[in-house]
Amino acid sequence: MKLRPRLLLLSLRLVLGGVMVWAGATKIFGAAHFVDTVAAYDILPRLLITPVAVILPWLELFVGLGLLLGLWTRSNALLAVLLLSTFGLALIINLYRDVDISCGCFGVDPSRGSLNTALAQDSLLLALALMVLLSRHTPFSLDEYLL
Amino acid sequence: MKDLRLRIGLKPPGGYRALGATQFLNWVSCKAPEILRQLLRTGIIIWLSALAGILFTVWSHLNQPSPSIESLAAAAIKPLAEKRTITEELGYSEVYILEGGWPAWQKAGLPLAVGEDSGI
C-alpha cells in the first residue's frame with residue numbers, strides 16, 4: 001500500500017481515537033453530571049441509567065485508546081460505529097421531540113440547544129469510524145507488529 | 001463500484017456461486033474464526049469497560065473527602081433572623097437554631113452545653 005493512503009488512514013484513525021478518548025475522559029471526571037445527562041435524554045428505563053452512565057465513558061475511553069494505538073483496530077472501530085450510531089439515534093429522537101437538553105457529548109456542556117451541531121459532529125465521526133472499519137489495512141498500528 | 005462485501009472480505013472473489021459447495025464451506029470455515037475473533041475482542045473491550053467503570057465508581061465513593069466540621073456545622077445550624085432580640089434577652093452573643101435534630105448537632109461535632117447552659 002502506498003504511503004499517502006496509509007497516512008490518510010492513520011490520520012482518520014488518530015482523529016477518531018483522539019475524539020473518543022477526550023469524550024470518555026471528560027465524562028469520567030464529570031460522572032455525577034453524566035448520570036443527569038443520560039436521564040435527560042429520557043430514552044432508557046430508570047434501572048439502566050446509572051449502569052450506562054458508569055460504563056459508557058470507559059467504553060469510549062478504551063475504544064479511543066485502542067484506535068490511537070492501533071490495537072484490535074477493527075473491533076474498536078466496530079464498537080465506535082455502534083456507539084456513534086446509538087448516540088445519533090438518541091439525538092434524532094430528542095430533536096424530533098424538540099426538547100431543550102444539553103448534548104453532554106463532552107461531559108458538562110453549558111451550551112444548550114446544540115443538538116443539531118452534536119448530530120452533525122456525530123455523523124462526521126460515524127463516517128470516520130466506518131472508513132476505519134471497512135479499510136482492510138491498519139497502517140502504523142500495533143496490529144501490524146503484534147498480530 | 002466494487003461490491004462492499006468483497007471489499008471487506010465478507011464475499012469470496014468471483015462471488016459465492018463461483019465456488020463449489022466444498023470450496024464455499026472451506027471459505028466459511030476460514031472466515032468464521034476471524035469473525036468470531038472480532039466479536040470476542042469486542043466483548044472483551046465491553047467487559048473491561050464495565051469492570052473499569054465499576055471499580056472507578058467504588059474507588060471514588062471510598063475516597064470522597066469527609067466534610068469539615070465547619071461545613072457540617074453550617075449545614076446543621078441556621079442563624080435566627082431575629083437573633084438580635086433573642087441575644088439581647090438571653091445575654092448571649094450568638095444564638096442558633098438547630099435543624100436536623102440532635103443527630104445533626106452531634107454529627108457537626110458541636111459541644112454539648114453543660115451546667116446552667118444545658119437548658120438552652
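These questions and answers walk through a predicted model of one protein chain. Local features need pLDDT of at least 70, side-chain atom pairs count only at pLDDT 80 or more, and totals for chains, interfaces and linings use all residues. Residues are numbered from 1 along each chain as its sequence is written, chains are lettered from A and ligands numbered from 1 in the order written, and side-chain values use heavy atoms, leaving out hydrogens and water.

Q: What pattern does chain A follow along the sequence?
A: Helices (H or I, at least four residues) and strands (E, at least two) are DSSP runs, numbered from the N terminus. Chain A has six helices and zero strands. Its pattern is α-α-α-α-α-α.

Q: What share of the residues in chain A is buried?
A: Buried means under 20% relative accessible area, exposed over 50%, and partly exposed in between (1.4 Å probe, protein chains only). Chain A has 147 residues. The buried share is 45%.

Q: Which residues have the most contacts inside the largest nonpolar core?
A: A nonpolar core is a set of buried Ala, Val, Leu, Ile, Met, Phe, Trp, Tyr and Cys residues joined through side-chain atoms within 4.5 Å. The largest has 24 residues. Helix 1 (3-28), helix 2 (31-41), helix 3, helix 4 and helix 5 (115-134) of chain A each give two or more. Those with the most contacts are Leu16(A), Val63(A), Leu67(A) and Ala80(A).

Q: Which residues does Leu16(A) touch, not counting residues up to four places away in sequence?
A: Contact means heavy atoms within 4.5 Å. Leu16(A) is among the residues with the most contacts inside the largest core. Leu16(A) touches Leu67(A), Ala80(A), Leu84(A), Leu125(A), Leu128(A), Ala129(A) and Val132(A).

Q: Which cysteine does the disulfide join to Cys103(A)?
A: A disulfide is a pair of cysteine sulfur atoms within 2.5 Å. The structure holds one, with S to S 1.7 Å. Cys103(A) counts as buried because its relative accessibility is 5%. Its partner, partly exposed at 21%, is Cys105(A).

Q: Where in chain A does Leu71(A) lie?
A: Leu71(A) belongs to a nonpolar patch on the surface. Its relative accessible area is 32%, so Leu71(A) is partly exposed. Helix 3 (46-69) gives two or more residues to that patch. Leu71(A) itself lies in the loop between helix 3 and helix 4 (73-97).

Note on methods. Patches are made of residues with over 30% relative accessible area and no salt bridge: like charges are joined within 9 Å, nonpolar side chains (Val, Leu, Ile, Met, Phe, Trp, Tyr) within 5 Å. Accessible areas come from the Shrake-Rupley method with a 1.4 Å probe; for residues, only the protein chains shown count as cover. A salt bridge is a side-chain nitrogen of Lys or Arg within 4 Å of a carboxyl oxygen of Asp or Glu.
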